[in-house]
Amino acid sequence: MEAAFPAPSFRGAQRAALGRIREAFEAGNDVVLVRAPTGSGKSLLARAIAGCARTPGETDGVEAHGAYYTTPQVSQLDDVAGDDLLDDFAVIRGKGNYDCILPGETDTPVTEAPCARETGFDCPVKHRCPYFSDRSIAANRSIAAMTLAYFMRTAGSDVFGKRDVVVVDEAHGLAEWAEMYATIELSPARVPVWDACEPPEIERLRDVEGYAERLLRVCDRRQEELRGTPELSRSEVAERDRLAELTRELGWFLEDVRDPESPTTWVVDQPDGAESAVTVKPMDPARYLGHTVWDRGNKFALLSATILNKEAFCAGTGLNPETVALVDVPHTFPLENRPLYDVTCGKMTYERRDETLPKVARTVAQLMARHPEEKGLIHAHSYAIADRLVEELEELGVGGRVRSHDSATRDAALRGWKQSSGNAVFVSVKMEEALDLAGDLCRWQVICKAPYPNTRDSRVARRLEDGQWGWYYRAALRTVIQAAGRVVRAPDDYGATYLADSSLLDLFDRARSDTPDWFAAQVDAMERPELPAFDPKSVGGTSSGGNSTQSGAGDDEDGENPPSLDDHPLGDVWGTD
């Protein structure tokens with residue numbers, strides 16, 4: 001593996017890690033979990049592992065060869081695509097990320113191009129089509145790189161078949177991602193034939209089976225109509241594609257729910273009764289992962305800083321722990337460069353939030369004074385908390401230094417804040433992962449709330465009813481560890497993480513046995529800092545660029561509206577194409 005390492009030299013524990021990974025595979029393990037802290041160079045480790053896949057000359061021409069690199073995070077794929085050390089990764093993205101190159105169609109995504117709209121269309125420039133060109137290159141290169149969503153969607157395709165090695169980066173949420181991706185949302189916005197087939201009142205799983213069968217028949221009739229149309233409009237193309245996707249989803253659900261040997265448990269939500277939206281959610285989607293992931297390779301390397309418990313991870317993903325090895329990579333960044341600070345102000349539960357949140361805002365203002373010239377990041381956990389926090393900071397007279405975002409302005413607001421100079425403080429939602437804030441991009445951050453899973457989600461409620469509290473605490477701890485890694489990205493980098501919710505201290509106690517040693521050391525070294533007296537004039541001036549519009553998207557955990565896929569805790573973090 002060392003020979004396949006792409007950098008001119010090793011840093012930290014990379015060489016030792018590769019040696020242990022090689023030994024784990026040589027010991028007969030099919031899957032190696034690599035628990036490597038943020039900043040340890042996981043992408044370079046991934047390249048070294050992928051580079052050891054068998055080549056066509058080393059097989060009989062029938063056996064799998066080559067490698068896949070996949071990650072659920074779009075930003076991670078972007079980083080890989082822009083890394084000169086990984087230039088042999090052939091990156092392919094979903095069709096919707098490419099524009100047609102035909103005259104008059106250059107603003108049309110490939111998903112809506114003439115080849116998608118017109119029956120029998122013979123594209124004169126298909127050989128130069130950016131999507132089909134990238135797909136062909138990725139299919140024929142030794143290492144194909146793609147998002148996990150695209151990887152799962154290509155299961156069973158002739159283009160991207162089984163390979164020798166599969167590397168999944170940021171793999172800690174693999175089970176949750178599979179659950180989200182396999183969830184079926186039946187609503188007016190997601191069912192093109194809704195008016196012709198509204199659901200009855202759903203009280204049990206059997207009711208969903210009957211409705212799914214009826215909906216499939218209506219979808220088939222509409223698909224036949226669209227297939228008989230020589231040229232479709234863009235909206236009709238979108239309808240056709242959604243019908244095809246919906247048909248696959250319903251077919252998978254009916255097949256799985258009727259299989260007595262399937263390990264999947266399905267739960268159903270219909271909060272508003274008959275003729276209203278229905279959400280069908282799988283739990284323990286081992287079978288789904290088997291088809292979309294585990295059948296796609298001979299050997300697997302799963303990399304993350306936060307695979308906290310091997311047995312629990314294997315149970316949630318359908319892996320046999322006897323053929324899975326865990327390789328721990330030590331943290332090589334100085335402890336003093338990545339401190340945690342206790343600035344807890346009380347509990348941020350829904351019942352206590354009105355009392356605690358103003359104290360959190362005042363503490364944030366004091367932290368602005370403590371870091372008058374440095375950019376800061378606030379992890380607000382939900383849009384409801386973010387909106388209220390921004391209002392409180394405005395009332396305290398420090399709003400001029402604050403930026404925020406809503407679900408629509410997320411990427412642009414983040415990009416503007418990162419590119420800004422000065423001392424802007426960014427109030428964020430769902431940015432605990434996939435964010436590289438090296439150096440002066442950010443020197444301090446605040447975690448406002450213990451990020452427990454949404455207890456109003458029926459899957460979470462079902463697990464807690466079954467007593468799976470260890471899973472509940474691990475899920476929150478995983479998010480905290482991910483968040484803490486955003487601001488310290490190299491051995492000589494430094495950044496402070498402040499904890500504002502006293503429930504975080506309880507979380508550390510409850511999840512101690514699942515805490516990596518290197519993070520436990522941070523927790524043990526945590527202290528309560530002396531903060532400057534509150535004075536709006538001491539926060540260091542105002543940021544350039546102003547404040548983005550807040551959302552109103554609702555609270556992810558404690559709001560009145562039921563959760564949807566758009567508000568899924570992973571929805572803004574992990575790409576869906």
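This is a predicted model: local features need pLDDT of at least 70, side-chain atom pairs count only at pLDDT 80 or more; totals for chains, interfaces and linings use all residues.
How many nonpolar, polar and charged residues does the lining of the second largest cavity have?

Rolling a probe the size of a water molecule over the atoms shows where empty space is left. In this structure, there are four cavities of 30 Å³ or more. The second largest cavity holds about 110 Å³ of space. Its lining is made of 14 residues, and those nearest the centre are Thr-38, His-331, Ala-484, Gly-485 and Trp-518. Helices α16 and α18 (517-524) each give at least two residues to this lining. Now for the opening question: by class, the lining of the second largest cavity has seven nonpolar, six polar and one charged residues.

Next, turn to the second largest pocket, where you will find about 350 Å³ of space. It has 20 lining residues, and the closest to the centre are Glu-176, Ala-312, Phe-313, Trp-471 and Arg-474. At least two lining residues come from each of α7 (174-182), α11 (310-317) and α16 (469-484). Of these helices, α11 supplies the largest share, with five residues. The lining of this pocket divides into eight nonpolar, six polar and six charged residues.

Now let us see how helices meet. Start with α1 (residues 14-26) and α2 (residues 42-50), which pack at an angle of about 40 degrees with their axes 11 Å apart. Because of that angle, α1 counts as oblique to α2. The crossing of α1 and α2 is right-handed. On the α1 side you can pick out Gln-14, Leu-18, Ile-21 and Phe-25, which meet Leu-44, Leu-45, Ala-48 and Ile-49 of α2. By class, the residues of this contact are seven nonpolar, one polar and no charged.

The residues of the contact between α12 and α13 divide into 10 nonpolar, no polar and four charged.

Methods. Residues are numbered from 1 along each chain as its sequence is written. Side-chain values use heavy atoms; hydrogens and water are left out. On a 1 Å grid over the protein atoms alone, a cavity is a set of points where a 1.4 Å probe fits but cannot get out, and a pocket is an open set with protein on both sides within 12 Å along at least five of seven lines; lining residues have an atom within 4 Å of a point. Grid points are joined across faces, edges and corners, and a volume is the space filled by probe spheres set on the points. Helices (H or I, at least four residues) and strands (E, at least two) are DSSP runs, numbered from the N terminus. Ala, Val, Leu, Ile, Met, Phe, Trp, Tyr, Cys and Pro count as nonpolar, Asp, Glu, Lys and Arg as charged, and the others, Gly among them, as polar. Axes are lines fitted to C-alpha atoms, for helices over the stretch in contact, and angles run from 0 to 180 degrees between N-to-C directions. Angles under 35 degrees count as roughly parallel, over 145 as roughly antiparallel, 65 to 115 as roughly perpendicular and the rest as oblique. A crossing is left-handed if the near helix is turned anticlockwise from the far one by less than a right angle, and right-handed if clockwise. Contact means heavy atoms within 4.5 Å.
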